[in-house]
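Welcome! Please take a moment with the sequence and the 3D view below, and then we can walk through two of the interfaces together.

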Amino acid sequence: MQSGLPENMLSLTNVSAVYMGSILALRNVSLSVPRGSMIALLGPNGSGKTTTLKTISNLLSLDRGRVTKGSIVYEGKPIHGASPAQLVQNGIVQVLEGRRCFLGLTVDENLAVAANNTRNTDHRIVSGAEEIYAFFPSLARQRRKKVEMLSGGEQQMVAIGRALLAQPKLLLLDEPSMGLAPKLVSQIFETIRNLNRTLGLTILVAEQNASVALKHSDYGYILNNGSVTGGGEVAELLESEEVKYSYLGQPPDKAQRQGNDLSATNWMT
Amino acid sequence: MLYRIARRLPSSHSDSLRIIARKEDRAIALVAGLFILLVVPAIAGDYVLSALLIPFLILSIAAIGLNLVMGYAGQASLGTGGFMAVGAYTSYKLATNIPEIPIVLDFFLGGLAAALAGILFGLPSLRLKAFYLAISTLAFQFFAEWLFSKVSWFWNDNASGVVSIPAFDVLGITIEGPRQSYYLVCAIVAIMTLAAVNLMRSHVGRRWMAIRDNETAARLMGISVPAAKLQAFAISSFYCGVAGALWSFVYLKTLGVSSYSIDISFKIIFMIVIGGMGTILGSFIGAAFVLLMPVVLNAVTVALSLPIDTGSVSSLEQIFFGVLVIYFVLVEPRGIMHLLGKLHKKLVSWPLNIGR
Amino acid sequence: MFEDFQFFVEVLISGLLTGILYSLVAIGFVLIYKASNVFNFAQGAMVLFAATTLVGISGFGLNIWFSALLTIPVMALLAYLVEILILRRMVNSTPISMFMATIGLSFVLLGLTQLIWGSGVHLLEFGLPSGQFIVGDVFINQFDLSVAAICAILVAGLVIFFQHTKVGLSLRAVAEDHQAAVSVGVSLSKVWVIVWFIAGIVCLVTGMVWGAKLGVQPALNLIALKALPVIVLGGLTSIPGAIVGGLIIGASEKLFEVFLGSAFGGATESWVPYVVAILFLLVKPSGLFGSTQIGRI
């Protein structure tokens with residue numbers, strides 16, 4: 001670990017966020033992302049996973065949302081109110097939910113958009129598009145094709161490759177599994193974990209598929225109705241009844257069924 | 001502020017159907033009504049009546065009309081001036097060629113003709129949305145301007161394109177002075193406002209609002225979207241048509257196509273944007289605001305004896321309205337009505353909210 | 001019969017060439033719509049603003065080309081102001097409120113133009129040829145033909161800019177998906193300023209050409225509004241659509257006016273383009289080259 005930098009690359013303290021000035025989407029969310037780790041953010045639809053990521057990357061501002069209280073500290077400095085483009089230059093890059101590739105542009109052009117707009121030179125993690133093609137050989141064969149011609153999995157690769165070319169220190173991934181076949185999902189997660197290990201990239205991934213996400217992460221947080229309701233080492237989480245019941249599809253003990261955990265998760269039923 | 005409003009819910013069905021829920025408010029409305037009918041015409045001079053109040057009331061009808069289709073049903077329309085022209089020319093043709101028909105009925109028949117035009121040009125709204133629809137109503141605007149400037153049949157083949165309106169009487173009273181005109185317009189405005197308010201409280205209004213807020217959801221709930229949209233266009237155009245007829249017959253006393261140009265369409269759009277989209281009262285507030293602003297601006301330049309010629313004043317006015325519209329769209333999209341609502345809330349809890 | 005046909009061809013050609021003028025405005029329109037999703041009603045006002053500013057500057061006794069050069073920073077300033085005062089506050093607003101805001105903008109621009117430069121008709125002359133020449137038996141106006149050439153150069157320039165420069169690529173990315181573009185470091189503000197600036201330049205060129213043809217006068221605003229049916233016909237997002245749409249609108253309004261208009265009292269150009277566009281839309285709602293948009297529930 002480099003000296004002089006805090007151990008936590010990112011920490012959120014009591015962050016609340018609203019949409020349209022009034023719709024509360026996050027309530028007192030606190031979480032920390034240690035340098036070099038891969039963190040999973042679990043939770044059902046509407047629990048605030050996407051909002052949490054967009055709060056960090058401040059893409060929230062494009063959705064008419066804003067942070068109402070709390071602090072977000074990145075690399076020891078508060079980043080509240082910085083423009084999304086500025087945050088990308090500082091190394092916070094998000095892969096949006098649903099991939100969101102530039103469908104009418106070719107694979108090459110998709111990657112070039114990111115490469116062209118990244119000015120920082122101090123933390124380059126990939127040298128250029130060729131390195132991305134080395135990661136994802138199937139993209140290399142189709143580099144002059146329009147992205148709309150590519151399959152869902154390949155589009156996800158383009159989205160991740162594009163994000164890497166923005167030279168992130170902290171990569172935010174929103175539901176990389178969305179709409180992909182189970183086999184592809186684990187492949188994508190293996191790739192992501194691989195990026196985390198080989199490039200030393202810190203990753204925060206929001207995911208509904210808890211079993212895959214936990215399998216490949218160091219640490220997990222659980223979001224419910226806009227608040228963090230649980231968190232811990234992956235091994236602990238895999239053993240916790242709440243996660244087992246709500247996310248892994250395992251029936252809880254009878255005793256647990258009457259417990260408090262269930263009331264917090266009755267959105268599932 | 002004046003009386004207690006907390007925990008006063010309607011206790012019977014007929015209570016909940018009232019337009020004005022609280023009896024104190026009803027008393028205020030009654031006093032205001034009497035003031036408008038008795039005091040205003042007594043104290044207001046001829047100038048205030050004929051140059052401010054009458055055009056204000058007439059354009060309020062048009063603003064309500066546009067608000068119905070744009071604020072409630074969510075269908076953009078740039079053709080208000082055109083619909084007003086249809087109303088005006090139809091009334092003129094009827095009044096001059098079939099004098100047996102009472103003149104007020106002519107106004108409403110003019111509105112009916114405008115409603116037909118509204119249905120015809122609302123048809124594209126079944127296939128088109130947002131801008132496309134705005135363009136198609138713009139088409140109607142330009143078509144109407146052309147039609148009423150080229151086809152002299154509409155103004156009885158007079159040599160001049162601007163014809164004067166013959167004197168007319170209502171219920172045996174000849175409408176000549178500003179006071180008679182004022183009462184006539186007041187009566188029509190009252191009827192049409194009441195109708196609009198009630199219509200928007202009924203299933204018709206709720207249907208329109210459902211379509212405005214989410215067309216697909218509305219369709220899935222079993223609302224016939226095409227029928228409701230055409231209905232909105234028809235009723236809206238009816239209001240605009242009546243307003244157009246009154247504009248010529250009562251206010252201008254002449255009929256010429258230039259009084260129904262695209263400028264008036266914009267003026268009325270500004271009224272509802274500034275007053276408040278989707279509120280009937282907002283139409284009145286917006287109309288008053290848009291009409292009074294130039295008067296105030298003029299008065300200010302005169303009072304300060306600024307060395308500005310009239311051309312520059314009108315340019316300034318244009319800039320001013322542009323800035324206002326941008327401001328309201330960006331900062332206060334629900335218009336002055338929303339501002340008033342906020343003010344009211346503050347006043348109600350005053351002085352407990354001081355410092356908050 | 002042959003005479004008739006020859007006349008028809010002449011009318012058609014003059015209509016097509018007028019249509020190119022509409023295409024010019026429409027191109028600026030499409031640029032703005034693609035990049036910032038704003039249906040810019042103020043396009044006509046921008047044309048008038050650019051042309052009047054140019055004439056006003058040359059009124060100080062400057063060469064016309066030099067004045068045009070000086071107008072360019074004015075258009076840049078306009079783009080910058082539009083971005084900081086309107087666009088950045090309107091991210092994700094409904095299309096209709098954006099549209100309303102541009103109506104407001106057009107009022108501001110028209111008012112400013114008249115306030116600063118007055119509302120008279122100014123002549124603008126920058127040396128476009130005005131003679132006619134004959135191909136076969138058909139007269140062709142040299143002026144209109146040079147306009148077509150200017151349009152071609154402009155479009156070629158835009159294509160090169162968008163397809164072969166880094167900034168152009170960023171603009172295309174924003175047009176595809178602005179949030180995704182931001183997520184990889186594209187600055188929306190910068191892109192919007194650039195697009196509105198380019199549209200401003202297109203407006204300047206349009207204003208010069210039209211000013212040379214009709215004189216610079218407030219009525220230009222209304223004529224420029226005909227870009228609306230043009231882009232509606234061509235599809236909101238397509239530059240080829242804007243060009244073909246302009247040609248169709250130009251030709252159809254001229255043909256209608258010459259062969260049918262007199263029976264209706266003439267001056268039908270004020271509404272025929274709109275009706276043509278709407279009738280076309282009823283058949284194909286996305287326009288000639290427009291992408292079919294999938295509405296989200």
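How many residues of chain A are in contact with chain C, and with how many residues of chain C? The contact involves 27 residues of chain A and 22 residues of chain C, where contact means heavy atoms within 4.5 Å.

Before reading on, please note that this is a predicted model, in which local features need pLDDT of at least 70, side-chain atom pairs count only at pLDDT 80 or more, and totals for chains, interfaces and linings use all residues. Residues are numbered from 1 along each chain as its sequence is written, chains are lettered from A and ligands numbered from 1 in the order in which they are written, and side-chain values use heavy atoms, with hydrogens and water left out.

**Chain A with chain C**

- About 2100 Å² is buried between chain A and chain C, and carbon and sulfur atoms account for 58% of it; buried area is the accessible area (1.4 Å probe) that two parts lose on being put together, summed over both.
- A:L62, A:F102 and A:N116 provide 27% of the area that chain A buries against chain C, more than any other three residues.
- Two salt bridges are found across this interface, each being a side-chain nitrogen of Lys or Arg within 4 Å of a carboxyl oxygen of Asp or Glu.
- C:R172 pairs with A:E109 in a salt bridge whose closest N and O atoms are 2.9 Å apart.
- On the chain A side, α3(A) gives the largest share of the residues that touch chain C, namely five; helices (H or I, at least four residues) and strands (E, at least two) are DSSP runs, numbered from the N terminus.
- The side of chain A that touches chain C is made of 15 nonpolar, five polar and seven charged residues. Here Ala, Val, Leu, Ile, Met, Phe, Trp, Tyr, Cys and Pro count as nonpolar, Asp, Glu, Lys and Arg as charged, and the others, Gly among them, as polar.

**Chain B with chain C**

- Chain B brings 35 residues to this contact and chain C brings 43 residues.
- Chain B and chain C bury about 3600 Å² between them, with 83% of it from carbon and sulfur atoms.
- Within chain B, the residues losing the most area to chain C are B:F131, B:Y132 and B:W146, together 20% of what that side buries.
- Between chain B and chain C there are zero salt bridges.
- α6(B) supplies 12 residues, the largest share of the side of chain B that touches chain C.
- That side of chain B has 26 nonpolar, seven polar and two charged residues.
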